[in-house]
Amino acid sequence: MTVHRFATGLPHYGHILAVENEIDKKLGIKRRDEVLKLGIDKYNEECRGIVTRYVEEWEKVVVRVGRWIDFKNDYKTMDLKFMESVWWVFGKLFEKGLVYQGFKVMPYSTGCKTVLSNFEVQQNYKDVPDPEIMVSFPIVDDPHNASFVAWTTTPWTLPSNLALCVNGNFDYIKVRNKYTGKVYVVAECRLSALPIEKPKSTASGSAGDSKMSNSKTKSGKAENLMDSYDLLEKVKGNELVNKNDRDMVLFITPVIGIMLFILLDDTAFRVVADDYVTDDSGTGIVHCAPAFGEEDYRVCIENQILSKENLIVAVDEDGCFIGKITDFSGCYVKDADKDIIEAVKAKGKLVKSGSFMHSYPFCWRSDTPLIYRAVPSWFIRVEELKEQLLENNKQTYWVPDYVKEKRFHNWLENARDWAVSRSRFWGTPLPVWISDDGEELIVMDSIAKLEKLSGVKVFDLHRHNIDHITIPSSRGPEFGVLRRVEDVFDCWFESGSMPYAYIHYPFENVELFEKNFPGHFVAEGLDQTRGWFYTLMVLSTALFGKPAFKNLICNGLVLAEDGKKMSKSLKNYPSPMDVINDYGADALRLYLINSPVVRAETLRFKKEGVFNVVKEVFLPWYNAYRFLVQNAKRLEVEGLAPFTPIDSATLQDSSNVLDQWINSATQSLVHFVHQEMNAYRLYTVVPYLLKFLDNLTNIYVRFNRKRLKGRTGEEDCRTALSTLYNVLLISCKVMAPFTPFFSEGLYQNLRRVCTGSEESIHYCSFPQVEGERDERIEQSVARMMTIIDLARNIRERHNKPLKSPLREMIVVHPDVDFLGDIAGKLKEYVLEELNVRSLVPCNNTLKYASLRAEPEFSVLGKRLGKSMGVVAKEVKAMSQKDILEFEKAGEVTVASHCLKLSDIKVVREFKRPDGLSDKEVDAAGDGDVLVILDLRLDESLYEAGVAREVVNRIQKLRKKVGLEPTDAVEVYFESLDEDKSISQQVLNSQELYMRDSIGSPLLSSTLMPPHAVVLGEESFHDISKLSFTIYLARPALVLKSDAILSLYGGNTKSAHGLETYLLSRDHSNLKSEFQLGDGKITVETIEGLPSVNVVLGEHVFLTVGDSILRSKSG
């Protein structure tokens, strides 16, 4: 993979303006002449230095985020080879006749002192206030001394006005103000835009001087303007054409004014007509300043107001008026607005003034307001390629597709010729050499060509190293030499050349390029629709007649939490490195991948969202892994063989239903990820992955705790652990592209018990589907979870906690196979999870429910249109018999429309048995399955409920004292009730359940040996009407004194010495020695005593629990 290096370390394409902006700030440069004074060589070397300044930091961030990038073989757009390929691209376009030099009004950045492409303009619009004024222009020799009234929001363009433009199809009226006598000409439909001038009232009430007001009253209703004006004439716009107007020179200094008047005496200061004049704002008359308006320039050229040769641009590269505009010389145009308005007012030509808020383009680099300014430039004939661009766009695949079909398609349809030259210093220079008389032009498409024609060895292509190179004229010495034009390339031209330039094509790597072009996919932000995506498409279409890429992922924009653009100055977003340091790169990656951003929508970034990923994804995932490790370790602690995973092929034959389910679900995961990743749909993959991890932790691990803890036998335990291991391994490999660090961490631990594994998970092949998927068992387990959720909802409604056992539940569903699974191999999980004693399946859907059909409006609405009403009415009228037949057949014809199962929702409403209230029996359904719970109290279930409460308190106490699941303890119970018989009855009747739940017998506190070490204790009161204390103690030896005494022939002192020795030993070490000795150890280290063989279960027990169990079995 390759990558750009950028001056600021930020992810964007192109670099010219970014670099120059940084240097301008560093050196305090504000004007173009200051660069020339410093020297282009020094300026460019400063630029070169800043490009590499951030490389180390940028590499650090990229690596920390987990992007795979080959930094050792990267490229920079300032590299000699890259720049040479850019020259080649331009040379090929020139050969094809797609390059021309023109004069065009372009969006211009006064901050960066360069023109911008149309697609760059779209990147930074802001709502800002601007002035709006109406100016009067007296009509020469008009019998009524009338004036045209034009509206403008750019007063600074008035000194450059050369014409007025009307719409030939509009009606224009000449009106006289009844109070001031002023005569104006405006479009009839825009008369309301004129101000209303009323006579001022004196103290006595007599009329005085006129007073200006808005054309709307405070109540918002427009006044009748004809009460203030007399209509003098009404004409079509075309009739106004060619009426001379000399008043436009009022804002030009006498010298310039005279010069303009002399040069343009026969052509300028007249009225022209064009359809671009609209009636939605202003006065219907537009003032034309051809040097500063794209339409103004076109209209003036078409109407021969001026030619390209005699256009005067009164604003310099810095956005300031030139010296000949003496009144405003050196003044920045936006700052001059107020002074110009005052000058207009002083001459009595200001009809109306105000300000308004509107969306205005700013430079995406310097953040200064853009102006439109006429500049000479080199263009690519994009408009000639329009049809081919649209066709090539059809050959590409975009995610999401609407960006391609709408946004990008529309942009291509309205594509304009592309100005690719910039009047800058840093960047790839245009490879164009021209003679002084302009008759001879050569385009260099390689360094070799330049060296051959100039005789100069070239080692770098930046301006300061080639601007001095000249080429002798082919016409002879008397015609002088050819010199390079001063411009450099638009940075987007360099970016669009990337598919060729990064491998120095066609000078190197020809075969590599031809085998891999178009590229498989590109990915960038939505803003690049009019940027990089566009330039890639334009250049590849022009060069090769094909798109530059096959597939494209378009990302949305990440905004600050407040919905605004992320801004360093506003500090409205957390530092990415702080987020990564707090929560990890994987959490940030998953948060973004699983956000609207991957669907080309905006995301309001919230640090809390990253934390939620840790909490909801990584902690459960890690807990599943930790549960595996703890129970694999337990095997060794118990003296069994170390855990070694069973091969996956053998695991496929497991008879356990949850093993079958998770194995099938894992293969479905692999299949789904392959399918969706091949379609570049990240937004579907991650939710599926997250659901899978949720199922792994909350279904497989949760429901298999007994098996995983070894309480169903060693062989079953190893099968369950191996299944969990295999699933974790595959899920790590599947998740590796999304969470590279976490997946690698788990993998490194998992591979310790797997020989022959790859050194890193990122060296592993992506998993392939192996074995058959069992869709039926996957669906059954999904329905099982639905049943559990529905039953939990019923319990919550009736305030019946899970610790309280219930007698019976009924599951109603027409699918006999599903009911067979629920009442068969899934039954134990349902009953245990819901704490219900029995489960009754029922496939008679009408026994406990009435059926009702509802149309799926979201599905049918668009399809049926006007027929929806009739169909909906008939669907709702379906009888229960009709519904059952529909479910069986899978389709039904309604009002001549064939409806499938997905078109109609069958709602099952609970029909309660007679004589029972909702507090005794209640139900919940999801339209597919109905769950009924018997909520009636049953004293026979009381003891089971108490047992659950006790186990719950034991588990909480274990966590409270910081025990790990593998930490062995003995649990003692002490009743605090006066009548201890009730608690003793519970202990006796629920002994097996509690032993299975806590992993050891629940012991009476009276059995606690005096040498036992208590780790924690807690008392509980009024728990199911019982009070008790729970003690957690380290496993304590139980010595058989009589048996030990017999070892020494009745010698009490010797027996006491052995007992003291045994009690002094580390419990785990002693346990290991007994395991190694097959239940027997020889003690021969006690001074003065003979060696003896101590047998486990005969002379000593390792725990009180073992002693009790032996006594009961004996």
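1. Let's start with a helix pair: α30 (residues 857–864) packs against α31 (residues 868–876) at an angle of about 140°, and their axes lie 9 Å apart. Keep in mind that this is a predicted model. In general, two packed helices are described by the angle between their axes and the distance between the axes. Angles over 145 degrees would count as roughly antiparallel, so α30 and α31 are oblique to each other.

2. Who touches whom here? On the α30 side you'll find Phe857, Leu860, Gly861 and Leu864, and they meet Met868, Val871, Ala872 and Lys876 of α31. Sorted by class, this contact between α30 and α31 has 6 nonpolar residues, 1 polar and 1 charged.

3. Next, have a look at helix α34 (residues 981–989), whose buried residues are Ser983, Val986 and Leu987. These sit on the same side of α34, because they cover an arc of only 100° around the axis. As a reminder, an α-helix has 3.6 residues a turn, so residues three or four places apart point the same way.

4. What covers the buried residues of α34? The cover includes helices α33 (942–960) and α35 (991–998), along with strands β35 (970–975), β36 (1002–1004) and β38 (1026–1033).

5. Finally, a sheet: 4 strands make an open one, in the order β2-β1-β14-β16, with antiparallel pairing. Its edge strands, β2 (114–115) and β16 (418–419), each pair on one side only.

6. One to find for yourself is Tyr108, whose bridge partner in β2 is Val115.

Conventions:
Residues are numbered from 1 along each chain as its sequence is written. This is a predicted model: local features need pLDDT of at least 70, side-chain atom pairs count only at pLDDT 80 or more; totals for chains, interfaces and linings use all residues. Side-chain values use heavy atoms; hydrogens and water are left out. Axes are lines fitted to C-alpha atoms, for helices over the stretch in contact, and angles run from 0 to 180 degrees between N-to-C directions. Helices (H or I, at least four residues) and strands (E, at least two) are DSSP runs, numbered from the N terminus. Angles under 35 degrees count as roughly parallel, over 145 as roughly antiparallel, 65 to 115 as roughly perpendicular and the rest as oblique. Contact means heavy atoms within 4.5 Å. Ala, Val, Leu, Ile, Met, Phe, Trp, Tyr, Cys and Pro count as nonpolar, Asp, Glu, Lys and Arg as charged, and the others, Gly among them, as polar. Buried means under 20% relative accessible area, exposed over 50%, partly exposed in between (1.4 Å probe, protein chains only). The arc is that of the directions from the helix axis to the C-beta atoms. Two strands pair if DSSP finds at least two bridges between them.
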